[in-house]
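Please look over the fold of the protein shown below before reading on. The report then goes from the whole chain to single residues.

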Amino acid sequence: VCFLLGNRESLNSTQVKMLLACERVMAEAGYDLVFSLYRYDPTMNPGNLHLPRLIAQQGSVDGVILAGVHHDNFLDALDKLKLPYV
């Protein structure tokens, strides 16, 4: 599972707590959690977004936990990949 911080330069204290809690819960469930930053233009067509390789390569992750700021174009891209997110 990918913990993806969108359009931010750093994690705030709440996001750090979320990341640590997610890692613990994922480990207990038998999953690995990876962290990635992703900055993108919210006006870009979803098909033209340069997605992180971790997400773009099918089978690399089973889902995405979104933190930071994410826009409809990115959510549309995740939907097209049929990649679950929260």
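**Basis of the description**

This is a predicted model, in which local features need pLDDT of at least 70 and side-chain atom pairs count only at pLDDT 80 or more, while totals for chains, interfaces and linings use all residues. Residues are numbered from 1 along each chain as its sequence is written, and side-chain values use heavy atoms, with hydrogens and water left out.

**Overall form**

The protein has three helices and three strands, where helices (H or I, at least four residues) and strands (E, at least two) are DSSP runs numbered from the N terminus. Read from the N terminus, these elements follow one another as β-α-β-α-β-α. The C-alpha trace spans about 35 × 30 × 15 Å along its principal axes.

Of the 86 residues, 38% count as buried; here buried means under 20% relative accessible area, exposed over 50%, and partly exposed in between (1.4 Å probe, protein chains only). The protein exposes about 5400 Å², of which carbon and sulfur atoms supply 52%, the areas coming from the Shrake-Rupley method with a 1.4 Å probe, with only the protein chains shown counting as cover for residues. Among contacts (heavy atoms within 4.5 Å) between residues at least 6 apart in sequence, 63% join residues at least 24 apart.

**The sheet**

The three strands form an open sheet in the order E2-E1-E3, with parallel pairing; two strands are taken to pair if DSSP finds at least two bridges between them. Strand E2 (34-38) and strand E3 (64-68) are at the edges with a single partner strand each, so one side of each has no neighbour in the sheet. From one strand to the next the twist averages 25°, with axes fitted as lines to C-alpha atoms, for helices over the stretch in contact, and angles running from 0 to 180 degrees between N-to-C directions.

Strand E1 (residues 2-6) runs parallel to E3 and is joined to E3 by five bridges. Among them, Leu 5 has Ala 67 as its bridge partner, and Gly 6 is partnered by Gly 68. Although E3 stands at an edge, four of its five residues are buried, so this strand is largely enclosed by the rest of the structure.

**Helices on the sheet**

Helix H1 (residues 13-28) lies across E1, E2 and E3 and runs at about 165° to E1. Helix H3 (residues 72-81) also packs on the sheet, touching E1, E2 and E3, and its direction makes about 175° with that of E3. In H3, the buried residues include Asn 73, Phe 74, Leu 75, Ala 77 and Leu 78, and what covers the buried residues of H3 includes E1, E2, helix H2 (53-56) and E3.

**Individual residues**

| Residue | Relative accessible area | Class |
|---|---|---|
| Asn 7 | 19% | buried |
| Asn 73 | 6% | buried |
| Lys 82 | 74% | exposed |
| Leu 83 | 12% | buried |

Asn 73 is found in helix H3. Leaving aside residues up to four places away in sequence, Asn 73 touches Tyr 40, Asp 41, Pro 42, Thr 43, Met 44, Pro 46 and Leu 49. A polar atom of the Asn 73 side chain lies 2.9 Å from the backbone oxygen of Asp 41.

Most residues other than glycine have a negative phi. Asn 7, which lies in the loop between E1 and H1, has instead a positive phi near 55°. Lys 82, in the segment after H3, likewise has a positive phi, of about 60°, although it is not a glycine.

Leu 83 also belongs to the segment after H3. Apart from its neighbours within four places in sequence, Leu 83 is in contact with Ile 55, Val 61, Asp 62, Gly 63, Val 64 and Leu 78. The C-alpha atoms of Leu 83 and Ala 56 are separated by 9.7 Å, the two residues being 27 apart along the chain.

Notes. Polar contact = N/O pair within 3.5 Å; in protein donor to acceptor, adjacent residues only side chain to side chain.
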